[in-house]
Amino acid sequence: MELFDIYDQERRLTGRTAERGTKLSAGDFRLVVNLSILNSDNQLLIQQRQPFKEGWPNMWDISAGGSVIAGETSQEAIARETQEEIGVHHDFSEMRPFFTLNFDEGFDDYYMLYQDIALSELSLQTSEVQSVKWATREAVQALILSGEFIPYHKSVIDLLFDLNGVYGGHDL
């Protein structure tokens with residue numbers, strides 16, 4: 001059983017938790033984290049979810065991400081998810097998200113790293129990730145249009161690519 005913290009609309013902890021999969025009450029929110037790793041060719045590391053994953057099976061997604069579990073900070077969660085899903089170790093404790101998007105049930109923190117990583121160096125979590133590859137903006141947009149990529153809004157994907165190196169990026 002996985003629990004997550006419940007936040008109010010101002011992103012303050014309420015002191016309550018909920019079990020994963022529970023429908024939240026009005027005014028209750030959860031926290032999700034995402035990581036985009038971009039290389040020097042302005043390609044995004046994307047991962048393909050396993051066919052047996054609940055939610056978005058077989059779909060392509062950005063580099064790593066997931067729900068923040070109870071008691072974790074956003075930074076601790078993205079470090080855990082990145083290590084679990086693709087085997088990349090990084091200390092996010094001094095980083096803030098590059099941006100946060102609000103969605104109906106919560107807050108979605110987006111982190112960015114800039115690094116040329118050989119795919120052979122990655123260690124994929126077989127229970128969640130079946131494949132990874134580097135993809136251009138155009139390739140990601142084509143995957144979205146074909147229904148093979150989690151349906152992020154085009155402007156979110158464009159923002160990830162447009163931010164590459166803009167704010168002095170964080171290298172691995």
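Predicted model: local features only at pLDDT ≥ 70, side-chain atom pairs only at ≥ 80, totals over all residues.
Biologist: Near what value is phi of Arg 11, and where is Arg 11 found?

Modeller: Arg 11 counts as partly exposed, with a relative accessibility of 31%. Phi of Arg 11 is near 70°, which is a positive value in a residue other than glycine. The residue is found in the loop between strand S1 (3-7) and strand S2 (13-19).

Biologist: Is Asp 109 buried or exposed?

Modeller: Asp 109 lies in strand S8, and, once its neighbours within four places in sequence are left aside, its contacts include Arg 11, Leu 31, Val 32, Val 33 and Asn 34. Also among them are Ser 74, Pro 97, Phe 99 and Thr 100. Because the relative accessible area of Asp 109 is 0%, and the cut-off for burial is under 20%, the residue is buried.

Biologist: How far apart in space are Asp 109 and Gly 15, C-alpha to C-alpha?

Modeller: In sequence, Asp 109 and Gly 15 are separated by 94 residues. In space, the C-alpha to C-alpha distance between Asp 109 and Gly 15 is 20 Å.

Biologist: Which residues is Phe 92 in contact with, leaving aside its neighbours within four places in sequence?

Modeller: Phe 92 has its place in the loop between helix H1 (74-86) and strand S7 (99-103), and with a relative accessible area of 1% it is buried. Phe 92 and Arg 80 are 12 residues apart in sequence and 9.9 Å apart in space, C-alpha to C-alpha. With neighbours within four places left aside, the residues in contact with Phe 92 are Leu 35, Gln 75, Ile 78, Ala 79, Thr 82, Tyr 111 and Leu 113.

Biologist: Which residues does Gln 125 touch, not counting those up to four places away in sequence?

Modeller: Gln 125 lies in the loop between strand S8 (106-114) and strand S9 (129-135). Its relative accessibility is 19%, and because the limit for burial is under 20%, Gln 125 counts as buried. Not counting residues up to four places away in sequence, Gln 125 touches Glu 84 and Glu 85.

Biologist: Which feature does UniProt place at residues 28-157?

Modeller: The protein chain comes to 3 helices and 9 strands, in the order β-β-β-β-β-β-α-β-β-β-α-α along the sequence. Residues 28-157 are 20% helix and 32% strand, and the end C-alpha atoms of this span lie 27 Å apart. According to the UniProt record, an unreviewed entry, the feature placed there is "domain: Nudix hydrolase".

Methods: Residues numbered from 1 in each chain as written. Heavy atoms only, no water. Helix = DSSP H or I, 4+ residues; strand = E, 2+ residues; numbered from the N terminus. UniProt positions renumbered as here; feature names shortened; annotations may be inferred. Buried < 20%, exposed > 50% of the residue type's maximum accessible area, 1.4 Å probe, protein only. Contact = heavy atoms within 4.5 Å.
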